[in-house]
Amino acid sequence: MIGPVTLRFAPMSEADLDWVSAVECELHSFPWSRTNFSDSFSAGYSCWVASTDAQTCEKIEQRVGYGIMLLVLDEAHLLNISIARAAQRKGYGMALLSHLREQARQCGARQFFLEVRASNESALALYRKAGFEVIGRRKAYYPASQGREDAIVMKAMLQ
C-alpha cells in the first residue's frame, strides 16, 4: 500500500546529470546538452532536482523534475524547468516553481524573469497561474523544426 507522496527538493549533483540529460532529451526537440547542465552546475547556478518520496515499507524515491536558475544581484532568471513526462499534471511543476521562487527570495531576488516558447500553452498557463506577467516578446529566439520560434518574456515580483 502506498501512502501520501511528499515532494522533496535537493541541490543537483553530478550523480543527477545522466538522468536530467535523458529527461531533457525525452521532453524537448532542442534539448540542453549534458554539458549545458554540467556547466550550469559548475558555474554555481541554482540547480535543483525534485523527487517524490512515497511512504511505503520500502521508501521509494523517484526523481520527477529539475530546475536551473541564475541569480544576479536582485534578479532571478529561470533558465530551465522540466517535469518528467510520466510525472506531469500532478502539481509537481507548480511545486518546483514555488521552490525556486522561495530560493530566489532567500537569496535577495526581488524580480523573477523567464522566457517560454510562444507555442508552449501549458507552460504559459502554469506561469500565469504562478503570478508571472507577459512583459515582452523575443522574435525568433528558439530553434524550431521549421526555422525559429518567438519567446514570450515574463516577470513576477518576489517581494
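Guide: β4 gives the most to the lining of the largest pocket, with 7 residues. This is a predicted model, in which local features need pLDDT of at least 70 and side-chain atom pairs pLDDT 80 or more, while totals for chains, interfaces and linings use all residues. Residues are numbered from 1 along each chain, and side-chain values use heavy atoms, without hydrogens and water.

Visitor: What volume does the largest pocket have?
Guide: About 1,300 Å³. A pocket is an open set of points on a 1 Å grid where a 1.4 Å probe fits, with protein on both sides within 12 Å along at least five of seven lines; lining residues have an atom within 4 Å of a point.

Visitor: Why are α3 and α4 called oblique to each other?
Guide: The axes of α3 (residues 92-106) and α4 (residues 121-129) cross at roughly 50° and come within 11 Å. Angles under 35 degrees count as roughly parallel, over 145 as roughly antiparallel, 65 to 115 as roughly perpendicular and the rest as oblique. α3 and α4 are therefore oblique.

Visitor: What makes the contact between α3 and α4?
Guide: G93, M94 and L97 of α3 meet L126, Y127 and K129 of α4, where contact means heavy atoms within 4.5 Å. These divide into 4 nonpolar, 1 polar and 1 charged.

Visitor: Why is α1 oblique to α2?
Guide: α1 and α2 (residues 34-42) pack at about 130°, with axes 9 Å apart. That angle makes α1 oblique to α2.

Visitor: Which residues make the contact of α1 with α2?
Guide: L17, D18, V20, S21 and E24 of α1, with R34, F37 and S38 of α2. By class, this contact has 3 nonpolar, 2 polar and 3 charged residues.

Conventions: Axes are lines fitted to C-alpha atoms, for helices over the stretch in contact, and angles run from 0 to 180 degrees between N-to-C directions. Helices (H or I, at least four residues) and strands (E, at least two) are DSSP runs, numbered from the N terminus. Ala, Val, Leu, Ile, Met, Phe, Trp, Tyr, Cys and Pro count as nonpolar, Asp, Glu, Lys and Arg as charged, and the others, Gly among them, as polar. Grid points are joined across faces, edges and corners, and a volume is the space filled by probe spheres set on the points.
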